[in-house]
Amino acid sequence: MWLKYTKSEAVSLMPIDSSRFRQVSFDRRRKVVPLVRNLIISLLFISTQTHADSYLDLVNSLGLQELVAISDESVLGRYGTSLTRNERRAAAVLVDLGVIYAHDLAQPRVARSKIVDFAAVVVEQHPDLIGRIGDPSVFIHLEKPPDHESLLQDDDFVKALHQSLADGVLTGYDLRRVGVYDGFPRGRFFVYSHSSPEHVQQLVTLLHRERIGGWVYLVPKVSAFLFRDDWGPPGENVVALPDGRLVVQGRELAVLFRFDQASDRKRFHDLVTRYAKKDEVGEPGLIASSWWQPFYYTDSNLEGFEPISLVILSKGDYEATLTVREERTEAVVQALEGGPWDLRVEQVWVNPPFFRFLNGGSR
């Protein structure tokens with residue numbers, strides 16, 4: 001739902017850094033992307049009940065056709081027996097590559113959806129993609145120190161946001177690169193925030209254990225909010241406003257999980273509730289650094305989730321996001337209009353503990 005819209009700047013694209021494509025030379029990749037783009041278009045016109053040519057076409061478009069002749073069909077087990085020999089071999093390549101599971105061959109709709117998703121990801125070449133759930137590359141990327149300092153380089157933007165905090169217009173905001181998570185498939189993702197890379201690593205491991213498939217995207221973000229005196233001595237990443245009040249600029253990660261199936265959003269939520277939601281001090285059986293009120297949202301309705309407004313202020317290369325209860329949205333927008341930023345409002349759905357936080361709850 002848009003209350004006001006201003007076109008944001010496009011995000012520059014960079015090649016995917018993935019070990020799965022090391023065997024494909026750079027010059028060859030330049031030919032692969034247009035081929036895969038054409039494949040996506042053709043797949044959209046293929047009947048969901050028909051898988052003829054789709055496996056072989058994708059393998060050829062990726063420039064991996066030599067693998068078809070030497071693939072091991074035994075990885076398919078009892079699945080795909082109705083396919084032609086070349087299609088079966090191509091399907092085996094896709095299983096080896098991690099695009100589909102062998103049992104997906106028994107569900108043409110699921111297999112087709114995963115193939116279209118994989119092809120789309122190759123074409124997008126999103127700069128913040130770090131791999132698929134279960135890929136070792138995800139852990140490697142999470143070990144790299146995120147660049148939070150660059151988010152704070154626009155002094156005018158940050159000062160304007162701090163002034164809004166001082167004036168009481170804002171109680172807090174998240175700062176990240178502009179448009180980083182725009183344009184993803186509707187109803188197929190969560191944006192999950194946390195400050196601990198170890199927490200995210202353990203969460204991804206649990207997702208893989210539960211066979212929840214999908215892609216992982218990662219960007220740094222700064223979570224800013226007013227410091228309270230009853231919290232004790234201020235720690236690092238605290239700056240002072242002109243009136244002497246302190247603002248915490250917490251270093252966090254915004255992780256987007258793009259699931260293979262929309263139904264996996266519910267499974268993700270159940271897993272977080274069980275293993276990543278703290279309900280008592282010293283609670284056993286939780287992953288590292290679990291929060292009382294985990295924060296994650298999606299762009300379409302999900303049972304048990306609550307709609308809120310995501311107010312987005314953008315200026316140049318950066319944007320600040322504010323989570324606002326729907327009944328307060330109009331007042332917040334009126335207070336922020338006319339500032340040194342473009343403003344838009346997006347409706348999202350948040351998990352119940354975070355919704356309780358927005359309403360003043362502590363757990």
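This is a predicted model: local features need pLDDT of at least 70, side-chain atom pairs count only at pLDDT 80 or more; totals for chains, interfaces and linings use all residues.
User: OK, so which residues does Asp117 touch?
Analyst: Leaving aside residues up to four places away in sequence, Asp117 touches Arg188, Arg258, Phe259 and Asp260.
User: And is Asp117 buried or exposed?
Analyst: Asp117 counts as buried because its relative accessibility is 7%, where buried means under 20% relative accessible area, with a 1.4 Å probe and protein chains only.
User: Switching to rings, how many aromatic pairs are there?
Analyst: The count comes to 20 aromatic pairs, with rings of Phe, Tyr and Trp (its six-membered ring) pairing if their centres lie within 6.5 Å. One of them joins Phe295 and Tyr297, which are 5.9 Å apart centre to centre with 35° between the planes, and this pair is tilted, a word for planes that are neither under 30 degrees apart (stacked) nor over 60 (edge-to-face).
User: Are those two, Phe295 and Tyr297, buried or exposed?
Analyst: Phe295 is buried, with a relative accessible area of 8%, and Tyr297 also counts as buried, at 7% relative accessibility.
User: Which residues form the aromatic cluster?
Analyst: One aromatic cluster is formed by Phe190, Tyr192, Phe257, Phe259, Phe268, Tyr296 and Phe305, and Phe259 is also one of the residues that Asp117 touches.

Definitions and conventions. Residues are numbered from 1 along each chain as its sequence is written. Side-chain values use heavy atoms; hydrogens and water are left out. Buried means under 20% relative accessible area, exposed over 50%, partly exposed in between (1.4 Å probe, protein chains only). Contact means heavy atoms within 4.5 Å.
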